[in-house]
Amino acid sequence: TIPYLGLYRNCSFSRMRLTLLCLASVALTSGKVYFFETFDIGWETEWTASSNSGKWVSSSGKRFAHPERDVGIRTGEDRKIFGISASFDSFSTAGKNLIVQYQVKYENDIECGGGYLKLGPKVADPQEFSANTPFYIQFGPEQCGKDPGRTHLIFNYNGKYFRKKVELPYVQQLFQTTHLYRLLLRPDNSVRVEINGHVVYDGHVVEDWETPGGSELIDHTDKKPRDWVDAATIPDPEDKKPDDWVTERQIVNTAVRKPVDWDDEEDGDWEPPLIPNPQFKGAWSARRIPNPAYKGEWTPRTTPNPNYAVIDGIVKYDDISFVGFDIWQQRGGAIFDNIVITDDAADAYPFWRMWRDLRVEEMKVGKDKEIIQKLQDDELRQGTNDFKRRPITIREGAPPRKPPVRRKPAYLAETADPHSAEM
């Protein structure tokens, strides 16, 4: 599913189904691609489905730019847990960026479930990969029923999982539309999240996650006093309802008379119809004035954090070696594709371009074409600004399909990228 890629530098792969041309002698950047997956022919040999997983099938969905290049893996059943994972050579995030990027498309309303991925240490038995398997990072969307949904970003620190205090937005409301998720972790514990090319968060784990970080901790034993007044305003006791204030919503239509042939015994008591009252002013309420007893918004007291000095490495992981999906879906139909894990944004750029081309094609159909097209234009503009532009050779035409040969596809571009994009 890769129509074009810049030359990957200093690659490190294990059990990858595509043998990349890794020219260590061409030291154009210090970036390294630790893992990527396009779910081309042969992906099944590198991924292991969990023993209790629903069916995973290859699919490009109903809308695609190319029927072969846009193939991903789709959740193929309803009301199932779906688990699947792949392993690669272990690596550490110490002293460098970590970029995780992938795309997901909901072919239909999954009603309840997730579309997130997980990264973590080596899994002893991939068939046992499940919700109980320890992980380092969980990243991606989840929504159920009338819940507005969220984009998860959960970190493991010292064996405990920490969520963001304010959830990231959920964007999977548009079906048959592919969404691109990108996570950047920096060595200083700062985080950046982009969805469809838009930066939705750029901040710091210590301050914005429910971690043991921060210089102070909330004292959960502290309770709001019973006499605490947190109402900023109160009704003015001197304000009175005017005598002419009309609260009757309807009045009798006096223009209508009882029909002359109306028989009370047969037809019952006649009642004139009601019409809206033109004098109706609505429910009356007194004007509000500042509350003299107002004490402000109550917050629990805080205490010094004894662990504040030892949390520098809260998002530093020494042995990341698996990526996987462990999700529940009420209705299947989520398509995952184009995963890349690297420490250089330049290596994520070609995957962004694949998403861009697919996204443009998806916008050509659908009753909401005009609305979505405006969104698409904004996303493409934002995505273009996120990367330094540089020449990338594009190979046209369908890629060769000659299984079971497992080598670098001929449609991968050989043009090296002389620049490293900043994120």
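This is a predicted model: local features need pLDDT of at least 70, side-chain atom pairs count only at pLDDT 80 or more; totals for chains, interfaces and linings use all residues.

Trainee: What percentage of the residues count as buried?
Mentor: Of the 423 residues, 47% count as buried. Buried means under 20% relative accessible area, exposed means over 50%, and partly exposed lies in between, using a 1.4 Å probe and protein chains only.

Trainee: What share of the contacts with a separation of 6 or more comes from residues 24 or more positions apart?
Mentor: Such residues account for 74% of those contacts. A contact means heavy atoms within 4.5 Å.

Trainee: Why is the link of Cys112 and Cys144 called a disulfide?
Mentor: The rule asks for a pair of cysteine sulfur atoms within 2.5 Å. The sulfur atoms of Cys112 and Cys144 are 2.0 Å apart, and the pair therefore qualifies. By this rule the count comes to one disulfide. The pair links distant parts of the chain: Cys112 lies in strand S7 (residues 112–114) and Cys144 in strand S9 (residues 137–144), 32 residues apart. The link is left-handed, with -95° about the S-S bond.

Trainee: Are Cys112 and Cys144 buried or partly exposed?
Mentor: Cys112 has 18% relative accessibility, so it counts as buried. Cys144 has 37%, so it counts as partly exposed.

Trainee: How many aromatic pairs does a search of the whole structure find?
Mentor: The search finds 23 aromatic pairs. One of them joins Trp56 and Phe336, with 6.1 Å centre to centre and 55° between the planes.

Trainee: What makes the pair of Trp56 and Phe336 tilted?
Mentor: Rings of Phe, Tyr and Trp (its six-membered ring) pair if their centres lie within 6.5 Å; planes under 30 degrees apart count as stacked, over 60 as edge-to-face and the rest as tilted. With 6.1 Å and 55°, Trp56 and Phe336 therefore form a tilted pair. The pair links distant parts of the chain, with Trp56 in strand S3 (residues 56–59) and Phe336 in strand S22 (residues 334–342), 280 residues apart. Both Trp56 and Phe336 are buried.

Trainee: How do you know which kind of pair Trp352 and Trp355 form?
Mentor: Their ring centres are 6.4 Å apart and their planes stand at 50°, so the pair is tilted. Trp352 and Trp355 are three residues apart in helix H3 (residues 345–362), which means that about one helical turn separates them. Both Trp352 and Trp355 are buried.

Trainee: What joins the side chains of Arg192 and Glu194?
Mentor: A polar contact of 2.9 Å joins them. The definition requires a pair of N or O atoms within 3.5 Å; within protein, one must be able to donate a hydrogen and the other to accept it, and residues adjacent in sequence count only if both atoms are side-chain atoms. Arg192 lies in strand S13 (residues 190–195), and its relative accessible area of 12% is why it is called buried.

Trainee: Where is Lys224, and which residues does it touch?
Mentor: Lys224 is in the loop between strand S15 (216–218) and strand S16 (233–235). Not counting residues up to four places away in sequence, Lys224 touches Asp230 and Trp298. Its side chain makes a polar contact of 2.9 Å with the side chain of Asp230. At 40% relative accessibility, Lys224 counts as partly exposed.

Notes
Residues are numbered from 1 along each chain as its sequence is written. Side-chain values use heavy atoms; hydrogens and water are left out. Helices (H or I, at least four residues) and strands (E, at least two) are DSSP runs, numbered from the N terminus.
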